[in-house]
Amino acid sequence: KTFELKGNWEKECEAPQFGYEFWFQPCHNVLISSSGIAPRIVGCGFCPDDYNKGIFGRHIYVWNLSCRSIIQCIDLGEDSLPLSVKFLHNRNAAEGYVSCALSGVIYRFYKCEANNWAVEEVICIPAKEVTGWIMPRMPAFIVDIVISPDDRFLYVSNWWHGDVRQYELSRGCKPRLVGQVFVGGSIVRCGPVAVCRDEELKCQPEPLVVKCRRVYGGPSRLQLSRDGKRLYVTTSFYSAWDKQFYPDLVR
């Protein structure tokens, strides 16, 4: 009634080092949370020297929803930076997806017969070799994923490369890329970054212009309409990072 904080949700357990997002499935009495970035670092912007220092998260945590305690910790690799985590909408489904921002990998997590949880890599967006950027290789920076209400499609935002991707989901098969649109990004043509090697594209995408206005930044957070026909996209990730990678967006 007052919106005053009552305290931590977790009970009598060591809290994760840092967190970003969570999703729960009451029918399976489970909540899964992702890691994120050390808060003291994220406000300073991105620095390549921060790799291999434990600053970027690498785990997802499986919680007993009713007991509010961690029952499993799954390592997704050093500096993988798992951010967005989503269960399928089907209330009986014991599976979902988690995106790793810096590795460009999306994992499917699922419940095993032994009542524990496992992951498998289902999507990997390759890095691009570039010049004129902060590093010689530009990884896919996946900020957000959204699953359509009917569990047919998975939408992915790639903040550095600039594309929003649509994958078709089907039981027993890996997601299939069926749609892609560029909403700004760092690799647009005639920009400061030149792509030297790209495993996916033959040429750099054109800058996005909507109603005679240039759109700066890259696709960040996503929201899909209830009927699954309209996808809304923001172009800002975090102010310090916006100023670093997309100063025109800030201006």
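Predicted model: local features only at pLDDT ≥ 70, side-chain atom pairs only at ≥ 80, totals over all residues.
The largest nonpolar core here brings together 28 residues, and Phe141, Trp159, Trp160 and Trp241 have the most contacts inside it. Helix H1 (39-42) and helix H2 (239-245) each supply at least two residues of this core, with H2 giving the most at 3 residues.

**Around Trp160**
- Setting aside residues up to four places away in sequence, Trp160 touches a set of residues that includes Phe46, Leu102, Trp133, Met138 and Pro139.
- Phe141 and Trp241, two of the residues with the most contacts inside the core, are also among the residues that Trp160 touches.

**The largest pocket**
- The largest pocket holds about 320 Å³ of space.
- Its lining is made of 22 residues, and Gly185, Ser186, Pro192, Phe245 and Tyr246 lie nearest the centre.
- H2 and helix H3 (247-250) are the elements that give two or more residues to this lining.

**The S7-S8 hairpin**
- Strand S7 (residues 105-111) and strand S8 (residues 117-124) run antiparallel and pair over 7 bridges.
- Val105 stands opposite Cys124 in S8.
- The hairpin formed by S7 and S8 has 5 residues between the strands, and Asn115 in the turn shows a positive phi of about 75°.

Notes: Residues numbered from 1 in each chain as written. Heavy atoms only, no water. Core = buried A, V, L, I, M, F, W, Y, C linked by side-chain atoms within 4.5 Å. Buried < 20%, exposed > 50% of the residue type's maximum accessible area, 1.4 Å probe, protein only. Helix = DSSP H or I, 4+ residues; strand = E, 2+ residues; numbered from the N terminus. Contact = heavy atoms within 4.5 Å. Pairing = 2+ DSSP bridges. 1 Å grid on protein atoms, 1.4 Å probe; cavity = no way out; pocket = protein on both sides within 12 Å on 5 of 7 lines; lining within 4 Å. Points joined across faces, edges and corners; volume = space filled by probe spheres on them.
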